[in-house]
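Colleague: Could you walk me through this one, slowly please? I would like to go through it piece by piece.
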Amino acid sequence: MTDTIFALATAAGRSAVAVVRVSGPRSSEIAAALCGRLPSPRLASVRTLKHNGVALDEALVLRFEKPASYTGEDSVEFHVHGGRAVVEALLAALSELGARLAEAGEFTRRAFENGKLDLAQAEGVADLIDAETEAQRRQALGQVGGALSQRYDRWRDLLVQALAMLEAAVDFPDEDLPEEVAERARPGLRQLSAELNAALADVSRGRRVRDGFRIALIGAPNAGKSTLLNGLAERDAAIVTDVAGTTRDVIEVPLVLGGYKVLVADTAGIRETADVIEAEGVRRAKAWAEAADLRLWVVDGFHVKQADARPEAIRGGDWLILNKTDIADADALAHVAERWAVEGLTVLHIAGTSAEGPEALRAALASHVADALSGAEFPAATRLRHAERLSEARSYLERALSDVGLEVELAAEDVRLAARALERISGRIDPEDVLGRVFSTFCIGK
């Protein structure tokens, strides 16, 4: 990292103020070439930026000396007027002065490599930039603050303590050590195994907060799915007609319910069809619904019959939405609702074309999503990468527990491998290709 990098840190386009960041060993030299006398470190000062004798802008300049900067390197920030011409002139000047345009995530990668952040915290920075809901903001901010890393470090410390006992039994068998010193490692390993099992059982929560809770509207044609989607979205997201089979593809609409990101999908009506296009839509509908966190089986309450009201492929936790209840027979609806509530379905009566129907459904969904995604503890994983390493650590740990007392050397090696799996989450050890994939997801300038 001997080169000096620069990038626009604020969004591209016209704005009141734009921030251009520079980081690297020549930051102060390049800044001095542009603004003459440098401001004192961490003191914002107004300077006239000039290049080749031409004034570029009146800017607010901030200078940071290593290691007291975001990247851990000498850094400078130029707060300039946000016109496109001003920004482009400054970026061109920085390039001519010997700096190069930063790659995606390069500032944060330098912070990681200089020990300012670990890898889990760096991922939290990316999530904080992408946060669209209050829940995403809280989760990402906690991760930046080290909530994940602290948990992984505590688990690693438990493994190190157990490893010390196991290695003592291996390396000093003839020394005056307490009897069965290796067995003393077992309680700590069992405690950690239980915590990892609990963390993996909860592993989807952090990812669903980050990526969104997926809700599928599914059912027969003309049940009112598209009307409900439009009501939830409060706009015409899907085409609504009286023609069965109007919806041919999956229509996804992002919403915020109860402070959480939700992705609601309207799907093609489920039925047997000879139409090739509609059949593909039905296949996609079933596939999306299979992977959904919650499935809402929408049934036309006006035409409901006991024989055809039962959704196919129901599973525990599904909801049955009896739609069009404002024009349906109340006794028939009550009979169907009673029958399918017994099978574990949550049953709601909705008049989808009224203002109150979608509003009632929205309130019920917001409560359900909040209950599903809130928790007493910070989630142990917010990305698939974390879950994979936790699962790897648990596998090594379970194998170590089976070896303690029989093959102490093997148990010690498995405990060591479990600790390394946890270290890879925070990036203490990780191959270059993993780091490349992580930081490539960042935006330029961060």
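Colleague: Which residues are buried in H3?
Modeller: In H3, the buried residues are Glu106, Phe107, Thr108, Arg109, Arg110, Ala111 and Phe112, where buried means under 20% relative accessible area, exposed over 50% and partly exposed in between, with a 1.4 Å probe and protein chains only. Because 7 of the 8 residues of helix H3 (residues 106–113) are buried, the helix is largely enclosed by the rest of the structure. Helices (H or I, at least four residues) are DSSP runs, numbered from the N terminus.
Modeller: Please keep in mind that this is a predicted model, in which local features need pLDDT of at least 70 and side-chain atom pairs count only at pLDDT 80 or more, while totals for chains, interfaces and linings use all residues. Residues are numbered from 1 along each chain as its sequence is written, and side-chain values use heavy atoms, with hydrogens and water left out.
Colleague: And what lies over the face of Phe107?
Modeller: That is Arg21, at 4.8 Å from the ring centre; a charge sits over a ring if NZ of Lys or CZ of Arg is within 6 Å of the ring centre and within 35 degrees of the ring normal. The charged end of Arg214 likewise sits over the ring of Trp288, 4.1 Å from its centre.
Colleague: Switching topic, how far apart are Tyr152 and Trp155 in helix H6?
Modeller: They are 3 residues apart in helix H6 (residues 147–171), and therefore separated by about one helical turn. Tyr152 is buried, with a relative accessible area of 1%, and Trp155 is buried at 1% relative accessibility.

How values were computed:
Helix = DSSP H or I, 4+ residues; strand = E, 2+ residues; numbered from the N terminus.
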